[in-house]
Amino acid sequence: MSVDFAIIGAGPAGMAAAILAVEFGLDTLLIDEQDGPGGQIYRAIERAETDPSASSSLGADYLAGRSLATALRASGAEYRPATTVWHIDPDGTLSLARKGESESITARRILLATGAIERPVPIPGWTLPGVMTVGAAQILLKTADLVPDGRAVLAGQGPLLYLAALQLARAGAPPLAVLETTPHENYHGAARYLGGLWPGRRALGKGLALMLGVRRAGIPVRRGVRGLRALGRIGLERIVWQGGEIAAEHLFLHEGVIPNTQISLALQLAHHWDEAQLCWQPSIDEWGRTSLPTIAIAGDGGGIAGAEAAALSGRLAALDAAVALGRIGEAERDRRAMPIRAELARERTIRPFLDALYRPRDSVLAPVDDETIACRCEEVTVGQIRRAVRLGAPGPNQLKAFTRCGMGPCQGRICGPIVGAVIAEARGLPIRDIGTYRPRAPYKPITVGALAGMGAAE
């Protein structure tokens, strides 16, 4: 099978790109791992149309994704849910797996719209049952109306922390407390961006409204928390920090999100270290083009900017794909891009302020306690990584030979940021000089049976 335009990821960027690409007559294929469109931000959005409880608890920003999902269904784009992309060749061949079977598809142009993942928060005890990310708690709420059974605490920083606390309160399960870890010095760092916030005042207003909503819900907020630890024997029992502790059965952690770069790194596209967002990002131009001419990136996978900005960048990538595939000329592309770019600039205005305000502490990136688990798949501790550096491991890829860190099922998606920061600290170098993992195919686990099936079909 061959298509003009293959899009990986059905979040806001992927949906917006697919809708516009079809308008230009491109034979468009949208591939996503989830059972329905929406990505993480709008996960299970179609379910919300028939579930009044979801509509009331998740809020207006979440429900804004319904129009994109509806437009996608009506667009005529071929949409393949519950499908995993496990390999991409530079020539445009995509290897897919679905329901235990695998197949290959060729695309003239590929858009990676894989979104973001939560930054790992490796505190002591983060592998205990009962400890998970805020995003994981949101998935349970969005997909199954599940809320914590018992006392729950949210800890970390960023707008999502307050959004999730308010959503849980609306769903009838208000958290016991919110422990905010934002360092006091971050407020001074963010203050220098206040003068440029006027274009982004709408987003700022939303954030303040979330904080006010948490306060009105009666949820206590403890600020300046540091030294967070999760304690328990066979599950979470207590949460301890410098100067305080609280008993709880659930702890939801969040320290912001970072681009999901697994596929772009595996393709060996050019990447760079972004010091403002403290993460690796693909190097892309104003249209989302990468160092490989046939592959573009849109949405948070190319840099964190939020759902609205993701949809706008998806439309820009679709415009450029239409030019590359001969459906429109550059003049029309540029004309149609002008209002999109203006809106995108407004959406991005608040980003420097948020990046400075919610910049994680160094101890979040590189845990102080040597006994803290860094690689959950292989159960490798921070201390083992430091010892491997002393023995001569200069970077993440070489570390695999010493510890198997990054060789588990996730291929370093979770431990990668931790490993790079710990090695950088141990060697006294900036993280950008350390590098990051180089993932290999298959990007996600795939059965031998699926591979055999593909061979038989061919």
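Analyst: Let me start with the surface: the chain has an accessible surface of about 19800 Å², and 54% of that belongs to carbon and sulfur atoms. Such areas come from the Shrake-Rupley method with a 1.4 Å probe, and for residues only the protein chains shown count as cover. Please keep in mind that this is a predicted model, where local features need pLDDT of at least 70 and side-chain atom pairs count only at pLDDT 80 or more, while totals for chains, interfaces and linings use all residues. Residues are numbered from 1 along each chain as its sequence is written, and side-chain values use heavy atoms, with hydrogens and water left out.

User: What makes L30 count as buried?

Analyst: Buried means under 20% relative accessible area, exposed means over 50%, and partly exposed is in between (1.4 Å probe, protein chains only). L30 has 0% relative accessibility, so it counts as buried. This residue is in strand β2, residues 28-31. L30 touches I7, G9, A10, G14, A18, L72, E78, Y79 and R80, leaving aside residues up to four places away in sequence. The C-alpha atoms of L30 and I7 are 4.8 Å apart, although 23 residues separate them along the chain. Over the chain, buried residues make up 54% of the 458.

User: Why is a stretch called a helix or a strand?

Analyst: The chain has 18 helices and 21 strands. Take helix α15, residues 382-390, where the buried residues are V382, G383, I385, R386, A388 and V389. Their cover includes β20, β21, α16 and α17. Just after α15, G392 has a positive phi of about 120°.

User: Which residues other than glycine have a positive phi, and are they buried or exposed?

Analyst: Most residues other than glycine have a negative phi, and most peptide bonds are trans. D145, in the loop between α6 and β9, has a positive phi of about 60°. Its relative accessible area is 32%, so D145 is partly exposed. Q411, in the loop between α16 and α17, has a phi near 55°. At 19% relative accessible area, Q411 is buried. As for peptide bonds, the one from A441 to P442 is cis, with omega near 0°.

User: What makes a space a cavity and not a pocket?

Analyst: On a 1 Å grid over the protein atoms alone, a cavity is a set of points where a 1.4 Å probe fits but cannot get out, whereas a pocket is an open set with protein on both sides within 12 Å along at least five of seven lines; lining residues have an atom within 4 Å of a point. Grid points are joined across faces, edges and corners, and the volume is the space filled by probe spheres set on the points. The search finds 2 cavities of 30 Å³ or more. The largest cavity has a volume of about 360 Å³. Its lining has 28 residues, with I258, T261, G416, P417 and T436 nearest the centre. Helix α17 gives the largest share of that lining, 5 residues. The second largest cavity holds about 40 Å³, and T261 is among the residues that line it.

User: How do you sort a lining by class?

Analyst: Ala, Val, Leu, Ile, Met, Phe, Trp, Tyr, Cys and Pro count as nonpolar, Asp, Glu, Lys and Arg as charged, and the others, Gly among them, as polar. By that scheme the largest cavity has 17 nonpolar, 9 polar and 2 charged residues in its lining. The second largest pocket, at about 550 Å³, is lined by 35 residues, with D274, Q277, I304, R351 and D355 closest to its centre. That pocket's lining divides into 14 nonpolar, 10 polar and 11 charged residues.

Notes
Helices (H or I, at least four residues) and strands (E, at least two) are DSSP runs, numbered from the N terminus. Contact means heavy atoms within 4.5 Å.
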